[in-house]
Amino acid sequence: MFTDRDRWKRRILELDPVADHHEIYVISSGHEFPWDYRRALEFALFRTYCVPTISALLEATGEFRDRPQKRYDDTAVLMGELTAVGYDSPRGREALRVINRMHGRYAIDNDDMRYVLTTFIYEPIDWINAHGWRRLTEHETLAAFHFYREVGIRMGIRDIPAGFDEFLSFKRAYERETFRFAESNRKIGTYTTEMFANWFPGPLRPAVRLGVRALLDETMLTAFGFDPAPAWMSRAAAGSLRARSAVVRQLPPRKKVKFAWNPRVRTYPGYPEGYQPRDLGAPPPPENLDERWRNPSGTRA
């Protein structure tokens, strides 16, 4: 039996998760779970820093040490463009050109690219099913897979599986094989934690740092070399998320879309007015970057 609270869910179930994957993804991330998608995607990025080859490149560029907020905002804005208007719209294609230009400057392993793509799909699924006000439908999980698979293809990522379960198996296997401690993991994880903490007034920052650690699983804590959060903080974090989901469950359906990738963009005040995707993105690699990280061709595809 559907209630008024299930209005968007009812619409999702009327759509086809393959042919209509973008519309479903917009409803799911923009109407049903914008806050949950934002938190999950933040921790999805965090998860990628547990792979030493990924964190080593990020550390080599110096961008996360010097401009972590801008790097976060670039990702948020560019992915927000793809979500809001679609990857084949004019702005979407422009956003993809910026993304491919940034990645094309570096020698990035294709499997690392594939792994990062998996986190955009599966981390929100796990987060929402654990902490959201309802579980995702199969239509929503498949739509997210097909949306990001199409984005990955347009980014020149090779060998993306055609099946949801196959790509999930790759993700799990890659984490087993690559998650291990590295000093670059610790540095990038620390820079990112400090960025999160700096979003809050000074007196709250120690609690935010503990809260981040409370939401990391054991394999991530080991890969970062972080101490576990105190048990009381883990209980408090879990309880807060349960309480929030109970409140949201009682709210009416969201009428106005609020995309997960559209938080307050601190380094682009007033976005999107006055900005185009081509205006965004990281600067060229530093001149002293080790040659092993440079891509001689300068392209992704």
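**Fold**

I began with the secondary structure: the protein chain has 14 helices and 0 strands (DSSP runs, H or I of at least four residues for helices, E of at least two for strands, numbered from the N terminus). This is a predicted model, where local features need pLDDT of at least 70, side-chain atom pairs count only at pLDDT 80 or more, and totals for chains, interfaces and linings use all residues. Residues are numbered from 1 along each chain as its sequence is written, and side-chain values use heavy atoms, with hydrogens and water left out.

Next I looked up the overall dimensions. The C-alpha atoms fill a box of roughly 60 × 45 × 40 Å along the principal axes. I also looked at burial: 53% of the 301 residues count as buried (under 20% relative accessible area, with exposed over 50% and partly exposed in between, using a 1.4 Å probe on protein chains only). For contacts (heavy atoms within 4.5 Å), I took those with a separation of 6 or more, and 78% of them join residues 24 or more positions apart.

**Core**

I then asked which residues have the most contacts inside the largest nonpolar core. They are F46, L82, Y122, Y148, F167, L216 and F224, in a core of 67 residues (a set of buried Ala, Val, Leu, Ile, Met, Phe, Trp, Tyr and Cys joined through side-chain atoms within 4.5 Å). Helix 8 gives the most to this core, with 9 residues.

**Pockets**

I noted the method before the numbers. On a 1 Å grid over the protein atoms alone, a pocket is an open set of points with protein on both sides within 12 Å along at least five of seven lines, whereas a cavity is a set where a 1.4 Å probe fits but cannot get out; lining residues have an atom within 4 Å of a point. Points are joined across faces, edges and corners, and a volume is the space filled by probe spheres set on them.

The largest pocket holds about 940 Å³. It is lined by 44 residues, and L58, F64, T75, H103 and V116 are the closest to its centre. Helix 6 (68–85) gives the most to that lining, with 7 residues. By type I get 31 nonpolar, 6 polar and 7 charged (Ala, Val, Leu, Ile, Met, Phe, Trp, Tyr, Cys and Pro are nonpolar, Asp, Glu, Lys and Arg charged, the others, Gly among them, polar).

The second largest pocket comes to about 510 Å³. Its lining has 19 residues, with W35, R39, F200, G211 and L215 closest to the centre. Helix 14 (231–249) gives the most here, with 6 residues.

**Single residues**

Beyond four places in sequence, F196 contacts E42, F46, V208 and V212.

Last, I checked D159, in the loop between helix 9 and helix 10. D159 has a positive phi of about 60° although it is not a glycine. Most residues other than glycine have a negative phi. D159 is exposed, at 58% relative accessible area.
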